[in-house]
Amino acid sequence: MATGRTHRPATRSRGIPEATVARLPLYLRALTALSERSVPTVSSEELATAAGVNSAKLRKDFSYLGSYGTRGVGYDVEYLVYQISRELGLTQDWPVVIVGIGNLGAALANYGGFASRGFRVAALIDADPAMAGKPVAGMPVQHSDELERIISDNGVSIGVIATPAGAAQQVCERLVAAGVTSILNFAPTVLSVPDGVDVRKVDLSIELQILAFHEQRKAGEEAATEAALAAAAEREGSTDGAADGTAAHRKGPDGDVPAVMPA
């Protein structure tokens, strides 16, 4: 079985833009859902909606893969699943180590989606001696003293860091020194890595802060709308009062007088 140490995806060498690469997993997720429902073909509009992008961008992305679909028919779902999986390197086995088996690390270890997407959790590693040997997700946790041996024995090139922020950089340096060239970082800190090492950062607090910004903006827009409506209502009331005043000025001793007297 091939491992992550023997092959690298060809996306960069083929000149696929990073923005396109970032969208390929979105397409794959939507296509996999269609495949599970035995849907044979899908139009660019339908797939774009399912993936959350516009159809023009989707067609441009697929052109980098050499896939243009069939006019009036759309894209073959199974072939696209294979094509994107191959481009992302998911048609082979990628052994992964998770370092830091606290609540988050344990949750990642229990995530069932790794195996179905081409990733095999090869080891769970933690610095706490009390954790050594404890089963998590059916695997015994191994002490961090074994990190380098584990990476070498399993041919690991992808590491997941789920440690506290203070330990993340040191763990990162050990992973890189042992041969890991791609890191998924869940620790709330920025990692410094040498050229040739890819880092993807997942920071839940940042995502929540972005959502808070949007919530605040929506609340501000709602308040502005309510203020505008209140101001409009106040102006309308003032206009009605003015109209009544004008009518009062036009009253004579015998009652109402027409605004325009007949000739």
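This report describes the predicted model of one protein chain, from its overall make-up to single residues.

## Basis of the model

Residues carry numbers that start from 1 along each chain as its sequence is written. Because the model is predicted, local features need pLDDT of at least 70 and side-chain atom pairs count only at pLDDT 80 or more, whereas totals for chains, interfaces and linings use all residues; side-chain values use heavy atoms, with hydrogens and water left out.

The pLDDT is the predictor's confidence in each residue, from 0 to 100. The protein chain averages 86 on this scale, and 85% of the residues score at least 70. Over residues 1–13 the pLDDT is below 50, and this stretch has 34 contacts in the model beyond near neighbours in sequence; a contact means heavy atoms within 4.5 Å. Residues 259–263 also have a pLDDT below 50, with one contact beyond near neighbours in sequence. Where pLDDT is low, the predicted coordinates should not be read in detail.

## The chain as a whole

The secondary structure comprises nine helices and eleven strands. Helices (H or I, at least four residues) and strands (E, at least two) are DSSP runs, numbered from the N terminus. Among contacts in the protein chain with a separation of 6 or more, 58% join residues 24 or more positions apart.

The accessible surface of the protein chain is about 15,700 Å², and 56% of this area belongs to carbon and sulfur atoms. Such areas come from the Shrake-Rupley method with a 1.4 Å probe; for residues, only the protein chains shown count as cover. Of the 263 residues, 34% count as buried. Buried means under 20% relative accessible area, exposed over 50%, and partly exposed in between (1.4 Å probe, protein chains only).

## Helix 1 and its surroundings

Helix 1 covers residues 18–36, which is 19 residues. From its first C-alpha to its last it reaches 28 Å, close to the 27 Å expected at 1.5 Å a residue; the expected span is 1.5 Å times one less than the number of residues. The buried residues of helix 1 are T20, V21, R23, L24, Y27, L28, A30, L31 and L34. Their cover includes strand 1 (41–42), helix 2 (44–51), helix 3 (55–64) and helix 4 (77–88).

Two of these residues illustrate the packing. R23 counts as buried because its relative accessibility is 16%. Leaving aside neighbours within four places in sequence, R23 is in contact with V53, K57 and D61. L28 counts as buried because its relative accessibility is 11%. Beyond four places in sequence, L28 is in contact with V81, I84, S85, L88 and L90. L28 and Y82 are 54 residues apart in sequence, yet 9.1 Å apart in space, C-alpha to C-alpha.

## Helix 2

E45 lies in helix 2. This residue counts as partly exposed because its relative accessibility is 44%. Not counting residues up to four places away in sequence, E45 touches S55 and R59. The C-alpha atoms of E45 and L58, 13 residues apart along the chain, are separated by 8.6 Å.

## Residues in loops

S38 is found in the loop between helix 1 and strand 1. S38 has a positive phi of about 60° although it is not a glycine, and it counts as exposed because its relative accessibility is 65%. A137 is not a glycine either, and has a positive phi of about 55°. A137 lies in the loop between strand 5 (135–136) and strand 6 (139–143). With a relative accessible area of 39%, A137 is partly exposed.

G102 is placed in the loop between strand 3 (94–99) and helix 5 (103–109). At 37% relative accessibility, G102 counts as partly exposed. G102 and A162 are 60 residues apart along the chain, while their C-alpha atoms are separated by 7.7 Å.

## The second largest pocket

The second largest pocket has a volume of about 230 Å³. On a 1 Å grid over the protein atoms alone, a pocket is an open set of points where a 1.4 Å probe fits, with protein on both sides within 12 Å along at least five of seven lines; lining residues have an atom within 4 Å of a point. Grid points are joined across faces, edges and corners, and a volume is the space filled by probe spheres set on the points.

The pocket is lined by 16 residues, of which V99, A127, T163, A167 and V171 lie nearest its centre. Strand 4 (119–126) and helix 8 (165–177) are the elements that give two or more residues to this lining. The largest share, four residues, comes from helix 8.
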